[in-house]
Amino acid sequence: MKEIREVVEGRAERLSKGDVRGFLAYSAPEVVTFDLAPPLGSRVDSSDPAPIEAWLATFEAPPRREVTQLEITADGDVAFATSIDSMTGTSKATGESFRLWYRVTLGLRRLDGRWLVVHEHESVPFHMDGSFAAAIDLKP
């Protein structure tokens with residue numbers, strides 16, 4: 001479990017530092033992602049830093065990612081980790097700072113002796129009152 005915790009927390013730390021290659025080093029060659037931003041899902045080539053670099057360029061500085069409530073379940077060479085994460089940053093487009101809490105589930109596999117992310121799912125709850133507005137005001 002310690003190795004998996006290091007993967008999850010290491011990814012967050014690398015992203016917070018803007019170290020895209022370090023962030024991607026925790027990923028299998030191809031990762032299935034269900035990110036906060038569209039599309040609904042995709043397969044990501046973890047050898048290509050361009051998409052994450054382009055996203056990071058939309059912030060004044062790399063956004064800070066904090067992992068909380070981390071729970072890990074592992075059996076053999078497969079594991080999953082769930083957490084409630086927060087992201088804080090400042091948008092270059094608006095100059096506005098934000099803090100967003102969201103849910104994360106990572107699927108990991110032990111490949112060549114290393115735990116690597118093979119699946120990532122991030123989500124924000126939405127209000128079920130007919131507005132379908134993202135519930136970005138939630139806090140753990």
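These notebook entries record what I looked up in the structure above.

**Ground rules**

I am working with a predicted model, in which local features need pLDDT of at least 70 and side-chain atom pairs count only at pLDDT 80 or more, while totals for chains, interfaces and linings use all residues. I number residues from 1 along each chain as its sequence is written, and side-chain values use heavy atoms, with hydrogens and water left out.

**Overall layout**

I looked up the secondary structure, taking helices (H or I, at least four residues) and strands (E, at least two) as DSSP runs numbered from the N terminus, and I found three helices and six strands in the chain. Read from the N terminus, the order of the elements is α-α-β-β-α-β-β-β-β. The radius of gyration is 15 Å, close to the 14 Å that the globule rule gives for 140 residues, so the chain is as compact as a globular protein of that length; the radius is taken over C-alpha atoms, and the rule is 2.2 Å times the number of residues to the power 0.38. Along the principal axes, the C-alpha atoms fill a box of roughly 45 × 35 × 25 Å.

**Surface and contacts**

I then turned to accessibility, where buried means under 20% relative accessible area, exposed over 50%, and partly exposed in between (1.4 Å probe, protein chains only). Buried residues come to 34% of the 140 residues. The chain exposes about 8400 Å², of which carbon and sulfur atoms supply 55%, with areas from the Shrake-Rupley method and a 1.4 Å probe. For contacts (heavy atoms within 4.5 Å), I noted that residues 24 or more positions apart account for 50% of those with a separation of 6 or more.

**Salt bridges**

My rule for a salt bridge is a side-chain nitrogen of Lys or Arg within 4 Å of a carboxyl oxygen of Asp or Glu, and by this rule the count is twelve.

I began with Lys2 and Glu6, whose side chains meet in a salt bridge at 3.8 Å, N to O. Both residues lie in helix H1 (residues 2–16), four residues apart, about one turn of the helix. Lys2 is exposed at 63% relative accessible area, whereas Glu6 is partly exposed at 44%.

The next pair was Glu66 and Arg64, with the closest N and O atoms 3.8 Å apart. Here Glu66 is partly exposed at 26%, and Arg64 is also partly exposed, at 49%.

I went on to Asp85 and Arg65, which form a salt bridge with their closest N and O atoms 3.2 Å apart. Asp85 lies in strand E4 (residues 78–90) and Arg65 in strand E3 (residues 64–75), so this pair ties together parts that are 20 residues apart in sequence. Asp85 is buried, with a relative accessibility of 2%, and Arg65 is buried too, at 9%. Both belong to a network of salt bridges that links Arg11, Arg65, Asp85, Glu120 and Glu122.

**Ala79**

My last entry concerns Ala79, which is found in strand E4 and counts as buried at 3% relative accessibility. Which residues does Ala79 contact, leaving aside its neighbours within four places in sequence? I found Ile4, Thr73, Ala74, Leu106, Gly107, Leu108 and Trp115. I also checked Ala79 against Arg114, and the two are 35 residues apart in sequence and 12 Å apart in space, C-alpha to C-alpha.
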